[in-house]
Amino acid sequence: MMLGRVVGAVWGSRHASGLDGAKLLTIENANGARVTAIDRLGAGVGDRVLVAHGSRVRDLTVGETVALKDVVIAIIDGVDEDEANA
Amino acid sequence: MILGRVVGEVWATQKHAALDGRKLLIIQPYLWYAPSHEVAHLVAVDAIGAGVGEDVVVCMGEPARRSLGSSSMPVEAAVCAIVDRVELSRDHGKRELTFVGGRAPAHDTAGEGGS
């Protein structure tokens with residue numbers, strides 16, 4: 001899974017049917033790589049989150065009608081990183 | 001499968017129910033290949049009690065879910081082995097081995113009787 005921080009929200013009136021009412025967030029990881037994921041846990045801008053990828057993950061969490069494969073599966077409370085590497 | 005080092009841990013109370021009671025480890029891969037997005041770290045569910053500082057093997061996708069005992073876990077990375085020893089042949093073939101973050105795992109070079 002990818003660890004990243006929510007940097008913004010994404011919305012659009014014309015979208016795939018499965019995305020009605022979906023909350024889409026843009027998440028950026030430590031490398032600056034960005035992913036747009038669907039969130040049902042209520043994450044907001046600035047929150048650190050865990051994003052899981054894949055159709056299986058999507059089917060298990062938000063259902064297969066959602067036309068997206070990245071899902072926020074956790075909102076992070078704390079991170080303990082080994083200093084030698086932080 | 002990815003060879004990497006456990007560099008940290010992550011806690012979350014608000015999460016998908018299937019993650020309850022599971023440890024989430026931050027892994028720094030030694031030798032990275034084709035992730036869906038470029039990352040220097042990834043987070044994997046700990047299936048076997050790995051700790052920070054240990055070298056581990058992470059499996060991805062369905063094998064990861066299977067190693068956690070059920071394929072209804074909404075995850076795609078799980079620590080499924082703790083590495084005791086890495087043996088790297090001196091001749092890596094044409095391709096130069098580049099280690100993410102420039103840190104290779106402590107390893108013995110095959111054929112020289114170890115470092």
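A: **Strand β1 of chain B and its surroundings**

In this predicted model, β1(B) and β3(B) pair in the antiparallel sense over 6 bridges, and within that pairing Arg5(B) stands opposite Gln28(B) of β3(B). A further antiparallel pairing links β1(B) to strand β5 of chain B, residues 55-60, through 4 bridges; here Leu3(B) has Val57(B) of β5(B) opposite.

As for the setting of the strand, 8 of the 10 residues of β1(B) are buried, so β1(B) is largely enclosed by the rest of the structure.

The contact between the chains can then be described as a whole. On the side of chain B, 36 residues are in contact with 27 residues of chain A, and the area buried between chain B and chain A is about 2,600 Å², with carbon and sulfur atoms giving 56% of that area. The elements of chain B that each give two or more residues to the side touching chain A are β1 (2-11), β2 (14-15), β3 (23-29), β4 (42-46) and α1 (62-67), and the largest share, 6 residues, comes from β1(B). Sorted by class, this side of chain B holds 18 nonpolar, 10 polar and 8 charged residues. Between chain B and chain A the count of salt bridges is 0, whereas 10 residue pairs are found in polar contact across the interface, both residues of each pair being at pLDDT 80 or more.

Asp70(A) lies in strand β5 of chain A, residues 70-75, and because its relative accessibility is 11%, under the 20% cut-off, Asp70(A) counts as buried. Leaving aside residues up to four places away in sequence, Asp70(A) touches Val35(A), Thr36(A), Ala37(A), Ile38(A), Val51(A), Ala52(A) and His53(A). With His53(A), one of these, the side chain of Asp70(A) makes a polar contact, side chain to side chain, at 2.8 Å. Asp70(A) and Met2(A), finally, are 68 residues apart in sequence, and their C-alpha atoms are 9.8 Å apart in space.

Note on methods. Residues are numbered from 1 along each chain as its sequence is written. Chains are lettered from A and ligands numbered from 1 in the order in which they are written. This is a predicted model: local features need pLDDT of at least 70, side-chain atom pairs count only at pLDDT 80 or more; totals for chains, interfaces and linings use all residues. Side-chain values use heavy atoms; hydrogens and water are left out. Contact means heavy atoms within 4.5 Å. Buried area is the accessible area (1.4 Å probe) that two parts lose on being put together, summed over both. A salt bridge is a side-chain nitrogen of Lys or Arg within 4 Å of a carboxyl oxygen of Asp or Glu. A polar contact is a pair of N or O atoms within 3.5 Å; within protein, one must be able to donate a hydrogen and the other to accept it, and residues adjacent in sequence count only if both atoms are side-chain atoms. Ala, Val, Leu, Ile, Met, Phe, Trp, Tyr, Cys and Pro count as nonpolar, Asp, Glu, Lys and Arg as charged, and the others, Gly among them, as polar. Buried means under 20% relative accessible area, exposed over 50%, partly exposed in between (1.4 Å probe, protein chains only). Two strands pair if DSSP finds at least two bridges between them.
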